Amino acid sequence: MADLLPECLIHKILSYLSLTDATRLSILSKTWLQACSTLPNLEFTVKYRNNLKIVDNIMERYRDEKIPIEKFELSDFSYLRLVFPMFDKWLDIALQNDVKHIVFGVPSYTSYPLPIFKIFASKSLRELVLRGSNLKHVSLSSGVVKCNSLRKLTLSDVVLDENMLQTLLSSCPFIVSFIFDNCYGLKKIELLNNLQKIKLVLIWKAGNQLVKIQAPTLEHLSYVTQPETSPKLDIVDAPNLVSLVYEGNLVPMIFVDAKLPWSCHPRRLLLESNGTTIGYVMDRLMYMKSSSQLKEVKVYRFDWGEVRWHFVELGRGKEAIRYYTERNRFRFLLDW
């Protein structure tokens with residue numbers, strides 16, 4: 001019965017399992033054994049020296065038999081410099097086998113020189129996720145390499161400077177999704193007409209960096225700051241913005257002086273902050289609602305005891321906010 005399924009369907013089933021669990025199913029039949037030995041999605045975690053050989057043998061088999069690789073995911077917890085040449089070798093094999101998705105994670109304090117521009121030279125890569133890499137160790141002397149096939153770029157806990165960020169963005173001009181999560185080493189984050197097809201930008205756990213955005217194709221922007229930081233958000237131009245989400249303890253001046261969120265006209269704006277700062281925007285919101293610039297304004301207060309959001313009546317304006325303590329968080333949902 002197990003042999004009735006085609007290999008492509010078995011691959012689909014196995015894609016939802018870890019490599020270890022998938023390998024266990026190889027005993028079902030010869031068909032499952034063959035499918036398990038040609039999995040298109042490879043996920044490895046390097047913890048000790050003794051599993052380096054296992055991963056190396058698998059990658060060499062994929063190289064020698066030219067087995068296609070759809071996704072290559074590698075996480076390093078070994079803290080060993082001796083694995084660096086192995087990382088280079090495995091990435092080379094994945095790229096040679098036309099990998100489409102790479103998820104690569106190493107501790108940010110390691111000195112591994114990620115071959116980022118060799119990765120960008122790929123003609124098949126669709127998504128790149130970097131976790132914890134330190135790109136300050138990477139030389140820019142080789143120049144910009146265009147990765148026109150890349151559509152999604154995620155940088156999480158990555159160390160880099162402004163020059164490296166701009167080089168990365170210039171290398172992938174056709175991405176539609178850019179996630180920038182808790183990265184270090186920059187004073188400013190600028191997206192200024194260098195992404196021709198960008199639709200989604202998520203900037204999470206931002207510090208005191210200036211975030212400046214000019215993206216005519218941008219539709220969804222999420223900006224989440226770290227506690228006790230001074231948010232600096234400047235939306236120069238985003239005429240097609242559909243939704244704008246902000247979460248943080250302090251409200252950026254862009255919302256207080258109503259400089260741009262109202263002129264770029266997102267269809268939906270979600271503000272989340274505490275009661276002491278969100279009150280500053282209440283006058284502006286109430287005016288816009290009374291003048292029919294807004295279709296609807298909804299306010300929710302987070303109840304820490306019940307761990308859920310409660311609707312807040314806006315009839316009393318600021319007093320509805322001041323009534324609660326500083327510890328409360330508020331969520332504004334605005335529709336144009």
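Colleague: Where is Lys66 found?

Modeller: This is a predicted model, in which local features need pLDDT of at least 70 and side-chain atom pairs count only at pLDDT 80 or more, while totals for chains, interfaces and linings use all residues. Residues are numbered from 1 along each chain as its sequence is written, and side-chain values use heavy atoms, without hydrogens or water. Helices (H or I, at least four residues) and strands (E, at least two) are DSSP runs numbered from the N terminus. On that basis, Lys66 is found in the loop between helix H4 (52-64) and strand S2 (71-76).

Colleague: Is Lys66 exposed or buried, and what is its relative accessible area?

Modeller: Buried means under 20% relative accessible area, exposed over 50%, and partly exposed in between, with a 1.4 Å probe and protein chains only. Lys66 also has a positive phi, near 55°, in a residue other than glycine. Lys66 counts as exposed because its relative accessible area is 67%.

Colleague: Which phi does Asp157 have?

Modeller: Asp157 is placed in the loop between strand S5 (152-156) and helix H7 (162-171). Asp157 is partly exposed, because its relative accessible area is 32%. Although Asp157 is not a glycine, its phi is positive, at about 55°.

Colleague: How many strands does the protein chain have?

Modeller: Of the 336 residues of the protein chain, 50% count as buried. The secondary structure comprises 11 helices, and the strands come to 16.

Colleague: At what angle do the axes of H4 and helix H5 cross?

Modeller: Axes are lines fitted to C-alpha atoms, for helices over the stretch in contact, and angles run from 0 to 180 degrees between N-to-C directions. The axes of H4 and H5 (residues 84-96) come within 10 Å of each other, and they cross at roughly 25°.

Colleague: Which residues of H5 make the contact with H4?

Modeller: Contact means heavy atoms within 4.5 Å. From H4, the contributors are Leu52, Val55, Asp56, Met59, Glu60 and Arg63, and from H5 they are Met86, Lys89, Trp90, Ile93, Ala94 and Gln96.

Colleague: How many residues of the contact of H4 with H5 are charged?

Modeller: Ala, Val, Leu, Ile, Met, Phe, Trp, Tyr, Cys and Pro count as nonpolar, Asp, Glu, Lys and Arg as charged, and the others, Gly among them, as polar. In the contact of H4 with H5, seven residues are nonpolar and one is polar, and the charged ones number four.

Colleague: How many aromatic pairs does a search of the whole structure find?

Modeller: Rings of Phe, Tyr and Trp (its six-membered ring) pair if their centres lie within 6.5 Å; planes under 30 degrees apart count as stacked, over 60 as edge-to-face and the rest as tilted. Under these cut-offs, the number of pairs found is nine.

Colleague: What is the angle between the planes of Phe87 and Tyr112?

Modeller: Both Phe87 and Tyr112 are buried. Their rings form an edge-to-face pair, 5.5 Å centre to centre, and the angle between the planes is 85°.

Colleague: How many residues apart in sequence are the parts that Phe87 and Tyr112 tie together?

Modeller: Ring pairs link Phe87 and Tyr112 into a cluster with Phe84, Trp90 and Phe104. Phe87 lies in helix H5 and Tyr112 in the loop between strand S3 (101-105) and helix H6 (116-120), so the parts are tied together across a sequence separation of 25 residues.

Colleague: Which residues is Ile203 in contact with, leaving aside its neighbours within four places in sequence?

Modeller: Ile203 is placed in strand S8 (residues 200-206). Ile203 is buried, because its relative accessible area is 1%. Beyond those neighbours, the contacts of Ile203 are Phe180, Ile189, Val211, Ser222, Tyr223 and Val224.

Colleague: What distance separates the C-alpha atoms of Arg267 and Ser243?

Modeller: Arg267 is placed in the loop between helix H8 (253-256) and strand S13 (268-274), and it counts as exposed because its relative accessibility is 58%. Arg267 and Ser243 are 24 residues apart along the chain, and their C-alpha atoms are separated by 5.9 Å.
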